[in-house]
Every structure is written in C-alpha cells, then in structure tokens.
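Welcome to the tour! Keep your viewer open and your selection tool ready, and we will go from stop to stop together.

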Amino acid sequence: MASKNSCACHGVVVTLASCLLLVAAAVSVLAAHVAVGRVWSPAGAGAAAGHHHSLSPAWVPSPSSRHAHHARELVNRRVQVGRMEAGLVQARASIRRASRTRNCTPDDGGGFIPRGAVYRDAYAFHQSYIEMEKRFKVWTYREGEPPVVQKGGAAFAGNDGIEGHLIAELDSSGCGGRHRARHPGEAHAFFLPISVASIAGYVYRRDMIDFWDPQLRLVAGYVDGLAAMYPFWNRSRGADHFLVSCHQWAPILSAAKAELRGNAIRVMCDADMSDGFDPATDVALPPVVAGARATPPQGRVASERTVLAFFAAGGGGGGAVREALLARWEGRDDRVVVYGRLPAGVDHGELMRRARFCLCPCGGGEGAAAASRRVVEAITAGCVPVLVAAAAGDDGSYSPPFSDVLDWARFSVAVPAERVGEIKDILGGVSDRRYGVLRRRVLRVRRHFRLNRPPAKRFDVVNMVIHSIWLRRLNLSLPY
C-alpha cells in the first residue's frame, strides 16, 4: 500500500526547493508502509473504510457495466511507469538545480517570469512550472453519470466559478488540454470527477433524519466501482488521485472512504484545518468566480484611499473572529468601516477600492471558504488583505492558497484575533512607504488569482491550482 508523502511542500514549513530534498528519505518511509500494509487515515476513518457499500445505481460504475470492456482495453495498454517515475526524478533535480544556481531552463512560453520577494523561491517555482507544462498528465475517469459525477463541458456550463473552469481545463482535448492524458498508462495523476454539490442537491431533504449516510454511500460506491474496474486506485490506495470541490460539505463526503480522506489529494475551497484540511497534501482552492476574469481597475492611489480598513460580513452566521470584529468595530469608526450587512446603495467593490486594507477574518468557525473568498476579492481590488486569524495553535487555522510558492507575509498583514480591538492602531502604524510596498506586491500576485475563459492562461488561477496538484504528485514516490 502507498501512503501520502509527509514532505509534500507546504510553504509555511519548507520552501519548494528544500522540500524536494526530502523525497529520497520519503521513498524509504513509503516502502515501509508497503511492507507492513499500513495506510494512514484520521481517527474514525477506519470504520468507514471497512463498511460494505452495496449501493450501486446506474450512475455508479461496476465491473459488469458497459464500460468494463473499454476499461480492460485501457488497462492492457502499456504502462510505462518506470519512464514516468524517471521523468519525475529529472524534474526534481532540475528544480533543485534552479534554486541552487538561481537560474532556470530558458522559458519558451513567453511573457511573465516570476520575480520578486512575493515568491518563496522564484527560481524553483519557475522551473517547477516549466516542468509541469512539459510533463504533467492527468487521466479523468469517464465512468459514472450525474449526479455522482460532473463532466468537463457540463461542469463549465453549469458552474462559472473556479471549479467548473478547472474541470473543463483538465478534460479539454483542445489547445488548452496540455495536461490531458491520452490513456491512463501515461498519467501521473487521476481525477475523480465527483460532484459534491450535485450529490448534496440530489440526496438532501430537510425532513431527512439521516442525510449523510446516502451521500457517503454514493461517494464510496463510486470509488469502489472504479477500484474494481481499474488497477490504478488499488496500486496507490488513492495517493495519486484527486477530487475537486468548492462545496462546504466536501470535507465530510471525502471521508466516505479512509483512503479518500487519508491518501487522496483533496482540492477544496474549505482550507480549514479544523475540518481535516492538511496543507501538506491537500490543495486550497480559491473560490474565484467569473466576475474576476477581467482585469479590474487598480483603484485609487494610496493618497486617495481614505478608508483605513474595510469589512462587510454579508449577514448570516459566522465564527468567533468575525463576531468579535463586528462587536468592536461595526458602526463605531469612520476609518475602520465595518458592516454586518451593507446598507442599501452602498457598493461593496467601491469601498474595497477606497480602502487601504481589507479585513479577512479566518478561523474560529468562520469557515475557510469565506475567508479565502474575501482574500481573493481584496487582491482583485488591489486592497492589501489583513488576515485576522484565530489564536496561535488554534486548529481552525486557515491555509491561504498557493502557500507552497507565495510568501503571504510579503503582501499581507496578519493580526491575531485577540488584538481585534487594536486594528486601527496596528494598521495606522503602517507607514506610507511600507503600505506602498505591500500594495505593489498585491498587484504583482494578482495575476495568480485571475480567472480567464478557457483555455486558461499561463500562471493564472487555474494553472496555479494545477501546479499545486503537480507539486503534491511530484513529492510522492510510489513503488508501483
């Protein structure tokens, strides 16, 4: 059995280049997992894995379905695993070399080249991105029907956010589909097109006593069907598989199988560690929507940004950090402008463009998806994000997107939740010169949060998410 590599790059702990140095050691750890037959999983997940799921409706694949013959043909194609793993070894070596020599392979893609303090290691990132474009192949399972799965074109037509765009990019056979594998034998990673939103909408009823079990059985039944039809899930125990979801129930439904939660790469908007998000192996998905496609105006220059800090809760429930922010600042100050709900006629985007800093409460039950959405909105508007975080060591910590390569401390401000009452003094103490540096860096990273109509553009948000998946696969050595 294979297990996730514990050294997968999380930028808060190690840089991209230094993480790659740990791969060799991880191979021996992985071999030990194989020898003892152990797969890591969170507490309580083992019961789900041992449960027999008998639910097998028409939209869940089974070995006897009409897809079985096609599946056998795909499996019988030559799988050049040795060559593929050798390519990953070369990619790791080239990234380490780029970091060490502060130089990388000449980029024939043209245009943007990562530079500056906003990157943990710009040379390693650039070389890694080049290697991803050259090598990374993804196989999307074709089995299954809605509501369990979502297809590329259909997903984009019904979902104009990051999730639909990412799925369309991975499933594209046109000029944008550089990462689409021709057959599973050449794939580095396998995409499980599970639609958490569709499953939730199909199964959920307000009067249901137990609405979790049917959803969990649908997800587990789908994975079990693929495992019975193909060898790819079983040979790695899902470690080279990934799913994508911006739905708030994604962390729960991904617990349908121990390997799905403990081994697979989960690409989710809910990057809250209290929900089991592991920034070393999971991917934080920025909840960007279609409105962020076009390049927005950069807003006023620093001297014209008269609002020191801005936050609008949007109504509804929230976490302890947000509630503390509202209790202290709502309607109390004309420089720290905080609303529980925006008054009629007040434009949210205009206030963000008038503000120097945009407050983004994180953790404390607030929900990482909500925090991430505000962070993306702030960056899009050219507003310096302020991560108002739960206390140090709190399990509800928020993991910002692309922390593997972006150094968030270089273009954002962190304020501990217990110092909410000091926000005006803290932000007011940032000099004009320091603010100018922070804002220029925000504008520099903004391209990485921009959503373009398919095909995606180099270094935009879709390709940054794919790069995050590539990193986790790159730092995983599987003894096939």
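Is D282 buried or exposed? Select D282: at 2% relative accessibility, this residue counts as buried (buried means under 20% relative accessible area, exposed over 50%, partly exposed in between, with a 1.4 Å probe and protein chains only).

Before moving on, note that this is a predicted model, where local features need pLDDT of at least 70, side-chain atom pairs count only at pLDDT 80 or more, and totals for chains, interfaces and linings use all residues. Residues are numbered from 1 along each chain as its sequence is written, and side-chain values use heavy atoms, leaving out hydrogens and water.

Next, select K257 and D224, a salt bridge with its closest N and O atoms 2.8 Å apart. Here K257 is buried at 8% relative accessible area, while D224 is partly exposed at 27%.

K134 is exposed at 54% relative accessibility, whereas E131 is buried at 3%.

Finish at L359, one of the residues with the most contacts inside the largest nonpolar core, which has 79 residues. Such a core is a set of buried Ala, Val, Leu, Ile, Met, Phe, Trp, Tyr and Cys residues joined through side-chain atoms within 4.5 Å.

Technical notes:
A salt bridge is a side-chain nitrogen of Lys or Arg within 4 Å of a carboxyl oxygen of Asp or Glu.
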